[in-house]
Amino acid sequence: MTTGTELPVYLPYPRFLLETDLSHTARELYSLLLDRSTLSQKNGWQDSEGRVYIVYPIAEIAEVMKKGSTTIKGALNELDAVGLLERRRAGFSCANRLYVKVPAPVVQFPDQLTDKKPTLIGTENRPTDSRKPDLMTVGKPSPNQTNINNLIESQTKRASEGQPPAAYGRYKNVFLSDADLLGLERDFPGKWEYYLDRLSCHIASTGKRYKSHAATIYKWAQEDTAKEKPKKGIPDYSFKEGESL
């Protein structure tokens, strides 16, 4: 690079994302949505409360990010859970409105009671929407991680081996990490979504809990495969149309 080198097209990637336990897909998705929000700012896309929103169908996001729709839904759930995204229905058969949230900025000022050392506090001019306080606005900020502890609180509680799982299935009660989901997509092409919904409905109807949802799906798949195999000693009389026994 030289002083005159132009940078390629890039997405805004806020530094606070580096301190979170969000999955790589969720971070990448947040950057993409934040970039689209700047376009909405320029085009004047605002609701009656003056809040900027975007309309971005899941199918289009999946195409841009080269991911499956289920993976994108999981990443959206992650962002929603930590208070970085709000989704509102826009009507029947219409894409949801997406409101991208930004953590409150931090200001410094000297404190006479602490030998004039700068004290960090969050600004109080953050716009509100008369909703209950979310993870982005609760808690005391710290010098090295202001608002980050609150941001990832729900994620760290569900963290598994350093990677937080996301919610999947019809009832959003099947929790899988990115690695688990990729493994299911690889091992059960064409059937992994069936197993997700099957487990989701089973948990919702019975209230059962499992130590590992991914392991449960693999167990069910093995049992289904065993049932499909013909038993030894029993002749196979199946035939194709046009064949004679």
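Which residues of H6 are buried? In H6, they are Asp-178, Leu-181, Gly-183 and Leu-184. Buried means under 20% relative accessible area, exposed means over 50%, and partly exposed lies in between (1.4 Å probe, protein chains only).

## About the model

This is a predicted model: local features need pLDDT of at least 70, side-chain atom pairs count only at pLDDT 80 or more, and totals for chains, interfaces and linings use all residues. Residues are numbered from 1 along each chain as its sequence is written, and side-chain values use heavy atoms, with hydrogens and water left out.

Helices (H or I, at least four residues) and strands (E, at least two) are DSSP runs, numbered from the N terminus.

The buried residues of H6 pack against several elements. These are H1, H3, strand E6 (166-168), E7, helix H7 (192-206) and helix H8 (213-228). Contact means heavy atoms within 4.5 Å.

Ser-177 sits in the loop between strand E7 (174-176) and helix H6 (178-187). Ser-177 has a relative accessible area of 9%, so it is buried. A polar atom of its side chain lies 3.2 Å from the backbone nitrogen of Asp-180. A polar contact is a pair of N or O atoms within 3.5 Å; within protein, one must be able to donate a hydrogen and the other to accept it, and residues adjacent in sequence count only if both atoms are side-chain atoms.

## Two helix pairs

Two packed helices are described by the angle between their axes and the distance between the axes. Axes are lines fitted to C-alpha atoms, for helices over the stretch in contact, and angles run from 0 to 180 degrees between N-to-C directions. Angles under 35 degrees count as roughly parallel, over 145 as roughly antiparallel, 65 to 115 as roughly perpendicular and the rest as oblique.

Take helix H1 (residues 24-43) and helix H3 (residues 69-81). Their axes come within 9 Å and cross at roughly 80°. That makes H1 roughly perpendicular to H3. H1 brings Thr-25, Ala-26, Leu-29, Tyr-30 and Leu-33 to the contact. H3 brings Thr-71, Ile-72, Ala-75, Leu-76, Glu-78 and Leu-79. Eight of the contact residues are nonpolar, two are polar and one is charged. Here Ala, Val, Leu, Ile, Met, Phe, Trp, Tyr, Cys and Pro count as nonpolar, Asp, Glu, Lys and Arg as charged, and the others, Gly among them, as polar.

Now take H2 and H3. Their axes are 9 Å apart and the angle is about 105°. H2 and H3 are therefore roughly perpendicular to each other. Ile-58, Ile-61, Ala-62 and Met-65 in H2 meet Ser-69, Ile-72, Lys-73 and Leu-76 in H3. The residues of this contact divide into six nonpolar, one polar and one charged.

## The nonpolar cores

A nonpolar core is a set of buried Ala, Val, Leu, Ile, Met, Phe, Trp, Tyr and Cys residues joined through side-chain atoms within 4.5 Å. The largest one has 23 residues. Leu-29, Tyr-30, Leu-33, Ile-61, Leu-79 and Leu-84 touch the most other members. H1, helix H2 (58-65), H3 and strand E3 (97-100) each supply at least two residues. The largest share, six residues, comes from H1. A second, separate core has 16 residues, including Val-174, Leu-181, Phe-188 and Leu-199.

Leu-85 lies in strand E2 (residues 85-88). Leu-85 counts as buried, at 3% relative accessibility. Its C-alpha atom is separated by 8.5 Å from that of Tyr-30, 55 residues apart along the chain. Beyond its neighbours within four places in sequence, Leu-85 is in contact with residues including Leu-33, Leu-76, Leu-79 and Val-100.

## Loop residues

Where is Lys-66? Lys-66 is in the loop between H2 and H3. At 71% relative accessibility, Lys-66 counts as exposed. Its phi is positive, about 60°, although Lys-66 is not a glycine.

The loop between E6 and E7 holds Lys-172 and Tyr-171. Lys-172 also has a positive phi, near 55°, and is partly exposed at 40% relative accessibility. Tyr-171 is partly exposed at 47%. Leaving aside neighbours within four places in sequence, Tyr-171 is in contact with Ser-200, Cys-201 and Ala-204.
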